[in-house]
Number of protein chains: 2
Amino acid sequence: MFDNKDSKRTQLEELGEFELIAHLTEALPILQPSTRKGIGDDAAIISLGSHFMAITTDMLVEGVHFDLGFTPLKHLGYKAVVVNLSDVCAMNLIPTQVTVSMAVSNRFPLEALEELYLGIGLAAKQYGIDVVGGDTTSSTKGMILSVTAIGQTDSEKQIAYRSGAEANDLLVVSGDLGGAYMGLQVLRREQEVFKVNPNHQPDLEPYHYIVERQLKPEARKDIIALLESLQVQPTSMIDISDGLSSEILHLCTSSGVGCNLFEDKIPLDPMVISTCEEFKVDSTLAALSGGEDYELLFTISQDDYSKIKGNPDLTVIGHMTEKGSGANLITRGGNSIPLTAQGWNAFGKGHDHAN
Amino acid sequence: MFDNKDSKRTQLEELGEFELIAHLTEALPILQPSTRKGIGDDAAIISLGSHFMAITTDMLVEGVHFDLGFTPLKHLGYKAVVVNLSDVCAMNLIPTQVTVSMAVSNRFPLEALEELYLGIGLAAKQYGIDVVGGDTTSSTKGMILSVTAIGQTDSEKQIAYRSGAEANDLLVVSGDLGGAYMGLQVLRREQEVFKVNPNHQPDLEPYHYIVERQLKPEARKDIIALLESLQVQPTSMIDISDGLSSEILHLCTSSGVGCNLFEDKIPLDPMVISTCEEFKVDSTLAALSGGEDYELLFTISQDDYSKIKGNPDLTVIGHMTEKGSGANLITRGGNSIPLTAQGWNAFGKGHDHAN
């Protein structure tokens, strides 16, 4: 009982995050009739009488998901809430409540937690959500945050799963992409300079937009309201946390369809393009694999195209195809390249993320 | 931005866990009309149409809440789920779903997580609940688990808050107390012996019941069903995670009442009594301050006494009084001693807990 039996050891790095979760949870049956959707989407869906609730949870670990060397605690609190609200939005629902748990080592004074909670409170105010619970305890190392967010609707039809896309549906993305990733590159460069010269005063102003995309992302609750006002029901939806490429593959796999993504349609902010040039990073790659933009990626019926046409917040970047065609990037040169998931592998070392 | 401004530092140890949470969350307003109860009970209560949902979350940190030196991973998975189900039960509701998040360092192979999930799956099967989501990521040290549990009802009257107790209500506890704490003492002693002599084979059989109380606690879902079948609506309720004394004080504070707890009524298993004698621990103290028994503590109207009288799972241990009388232990000798919270302070060092 007190010894370790290490007869067989499979390193976690050998599995990807999604493969690991699938492996661990495959033996868990769904028993409750109120469980409408379990593991495998941005949020689970539970029925309560005539209502439906989305519930989603994320854990953020210091040194893995965030670096307090360049992340102010107030921003961290804000971001920890927002990334979970984004998952509720990705079900086409408006978030309403969160719980916030944290474990912190004794290196953090009360004043640090107050800063963190200022950010949590700011997110709550900004999104009109309530912090209804949580847990606060000590850790043996660093800070760990776990946030759970919920949203509700009285209309089951409003819920957008990853699995509803059909061939010929249009692929749409909100906002622009690659900013959070390039913001991270800027922050890391400044941190390296600071290590060499502690008197260095970072001038982040020229990179304001992309640094903010990294440190203070927003959940696109406004897009959910916009789609409702336009009377557009997405056929499928996901939020962009791991990068456009990975999220498109999720939609394709869940829906059993293929996809053509057009490189020249991918929305990029001018600052992302200029910073990519400065850092010698391909801007398409920043959008495809950078992640953490927390924009919404969704599909709509072609019949709805006229409703969204010309909206500055929405860009049609491709269309879904038959499953056999696969998921492909159509380059500016007209070549078709299979999309590969280069999103973040939580246990791997290959992808360049905030770890 | 990159430097630490440590102009003022208040150590977290200076505050208790409950004081810390109250301090950090006091500035967070409740904005959503669907939030019926936020922070301050065993679970939050959210309304969804004509239904009501309880949601609760707990974080368990290796080296703080559990010691893998004597906690099998399967038991840990079971316990992590059960302690959250217990919080839903403490609202007088039946739990239905959980999410399970975890962060693990690379010292854990896949096989370890499989063991953990065997326990999670066992708890899900035992309690008929679904695991509907979660997050699996890496940590820089040790294992951190965060579980969120929910339950629902279509009857708001069924919900038992901490705040409903009135003077003259009877104070009732399920099962028996002190077992989990004494089980922990036995496990620690065996671990110390093992450290000195690695060939030592622990014989835990004579302590089976109390070791199981520590390693594999149960949520008293059966008591919720029993109370419903007896048509007893508790006026207030809480689960015993921190020790009887601390939980009684929570009920008294939330309800604005006092309490007389009778020492000779506290239910103790004979094995708890004999192990207390062996370890020279006062058995009343083990029940009052030991914690982790996960029994339900609740108050009922005196009118309901006849319904529960003689039930072997329920013991009347006292009665509520006017607020001015305070919360007191009436000893076997007839003395009245004010109850003090010696429950676990997550940041303190005073209380002897699994840390």
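This is a predicted model: local features need pLDDT of at least 70, side-chain atom pairs count only at pLDDT 80 or more; totals for chains, interfaces and linings use all residues.
**View 1. Three annotated aspartates in chain A.** In an unreviewed entry, UniProt places the feature "binding site" at A:D42, A:D87 and A:D239. Such annotations may be inferred rather than shown by experiment. Although spread over 198 residues of sequence, these positions cluster in space, with a largest C-alpha distance of 7.6 Å.

View 2. Look for A:D42 in the loop between strands β1 (35-37) and β2 (44-48) of chain A; strands are DSSP runs of E, at least two residues, numbered from the N terminus. A:D42 is buried, with a relative accessible area of 6% (buried means under 20%, with a 1.4 Å probe and protein chains only). Leaving out residues up to four places away in sequence, A:D42 touches several residues, including A:T56, A:D87, A:R162 and A:D239; contact means heavy atoms within 4.5 Å.

**View 3. A:D239 in its strand.** Here A:D239 sits in strand β8 (residues 236-239) of chain A. A:D239 is buried too, with a relative accessible area of 2%. Not counting residues up to four places away in sequence, its contacts include A:D42, A:D87, A:E247 and A:Y294. The side chain of A:D239 also makes a polar contact with the side chain of A:S86 at 2.7 Å (a pair of N or O atoms within 3.5 Å, where one must be able to donate a hydrogen and the other to accept it, and residues adjacent in sequence count only if both atoms are side-chain atoms).

**Notes.** Residues are numbered from 1 along each chain as its sequence is written, and chains are lettered from A in the order in which they are written. Local features need pLDDT of at least 70, and side-chain atom pairs count only at pLDDT 80 or more, while side-chain values use heavy atoms, leaving out hydrogens and water.

Definitions and conventions:
Helices (H or I, at least four residues) and strands (E, at least two) are DSSP runs, numbered from the N terminus. Buried means under 20% relative accessible area, exposed over 50%, partly exposed in between (1.4 Å probe, protein chains only).
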